[in-house]
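Hi,

Here is the structure we talked about. Please open it first, then read my notes below.

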Amino acid sequence: MPSRALVALGVALALGIAAGVVAHVVFSSAPARSTALPLPELHGQASWAAGERPAPRFRLRDVLGGSDSLAEQRGRVTLVTFLDSRCRSLCPLVGRAIGDAQRALPPSVRPAVLVVSVDPQGDTPASVRAAARRWRLEPGWHWLTGTRRQLASVWRAYGIEVRATTNDIVHGAALYLVDRRGDERAGYLAPLLPNFIALDIRRVES
């Protein structure tokens with residue numbers, strides 16, 4: 001698999017590392033678009049043209065039952081992110097931004113949301129339902145988990161660093177916008193702007 005090109009945000013507040021931000025950068029033959037454009041097509045910290053950057057595929061177990069995969073969402077715009085249902089720092093900010101972006105759109109164009117667990121031992125049906133209520137996620141979300149090895153493969157593919165500490169999970173918190181064809185179109189770092197995400201979803205829907 002070719003190397004990935006996205007700056008992934010790492011939250012390390014508990015450790016005081018770089019003011020809570022870890023940058024993960026790798027290079028790809030499909031570089032992000034120039035930020036010199038006065039009116040960028042999309043609003044992520046990185047963006048790509050249609051067909052330029054296929055999103056890494058994965059299939060994982062849904063915490064609420066069954067399984068799900070990125071391939072099953074083909075034909076529908078999808079948001080992919082990496083969260084911990086018991087987190088009380090950055091994850092709620094990301095989760096609430098996703099919920100706000102969903103509600104900024106009519107139901108007919110709301111994206112699917114695939115949350116990949118960064119805490120497979122801590123994410124339970126009760127904890128993920130509680131997180132979805134707190135963050136006001138709209139229907140259409142799936143919280144996916146698996147063995148640590150399975151999850152680590154997905155984390156690596158998307159440039160997400162995950163590190164367990166004594167009392168916390170330190171992890172990257174990137175959000176990816178994937179279009180109907182399964183291509184990555186934008187990558188966002190916190191703080192997320194829900195209105196811009198909603199605008200980007202509308203753009204790739206058209």
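Leu193, Phe196 and Leu199 make a nonpolar patch of about 280 Å². Like charges are joined within 9 Å, and nonpolar side chains (Val, Leu, Ile, Met, Phe, Trp, Tyr) within 5 Å. Areas come from the Shrake-Rupley method with a 1.4 Å probe, and for residues only the protein chains shown count as cover. Phe196 lies in helix α4 (residues 194–205). Phe196 is partly exposed, at 35% relative accessible area. The classes are buried (under 20%), exposed (over 50%) and partly exposed in between.

A word on the basis. This is a predicted model, where local features need pLDDT of at least 70 and side-chain atom pairs count only at pLDDT 80 or more, while totals for chains, interfaces and linings use all residues. Residues are numbered from 1 along each chain as its sequence is written, and side-chain values use heavy atoms, without hydrogens and water.

Now the sheet. Eight strands form an open sheet with mixed pairing, in the order β3-β12-β11-β6-β7-β8-β4-β5. Its edge strands are β3 (46–47) and β5 (67–69), and each pairs on one side only. Helices (H or I, at least four residues) and strands (E, at least two) are DSSP runs, numbered from the N terminus. Two strands pair if DSSP finds at least two bridges between them.

Look at β7 next. Six of its six residues are buried, so β7 is largely enclosed by the rest of the structure. Ala112, Leu114 and Val116 point one way, and Val113, Val115 and Ser117 the other. β7 pairs with β6 in the parallel sense over six bridges. Val80 stands opposite Leu114. The chain goes from β6 through helix α1 (residues 90–103) to β7 in a right-handed β-α-β crossover. Right-handed means that, with the strands pointing away from the viewer, the path from the first strand over the helix to the second runs clockwise.

β7 also pairs with β8, parallel, over four bridges. There, His142 is the bridge partner of Leu114. Helix α2 (residues 125–135) links β7 to β8, again in a right-handed crossover.

β6 is joined to β11 (residues 175–178) by four bridges, and these two run antiparallel. Thr81 stands opposite Leu175.

Last, helix α3 (residues 148–157). Leu151, Ala152, Val154, Trp155 and Ala157 are buried there. Just after α3, Gly159 takes a positive phi of about 70°.

Best wishes

Terms used
Buried < 20%, exposed > 50% of the residue type's maximum accessible area, 1.4 Å probe, protein only. Patch = residues over 30% accessible without salt bridge, like charges linked within 9 Å, V, L, I, M, F, W, Y side chains within 5 Å. Salt bridge = Lys/Arg side-chain N within 4 Å of Asp/Glu carboxyl O.
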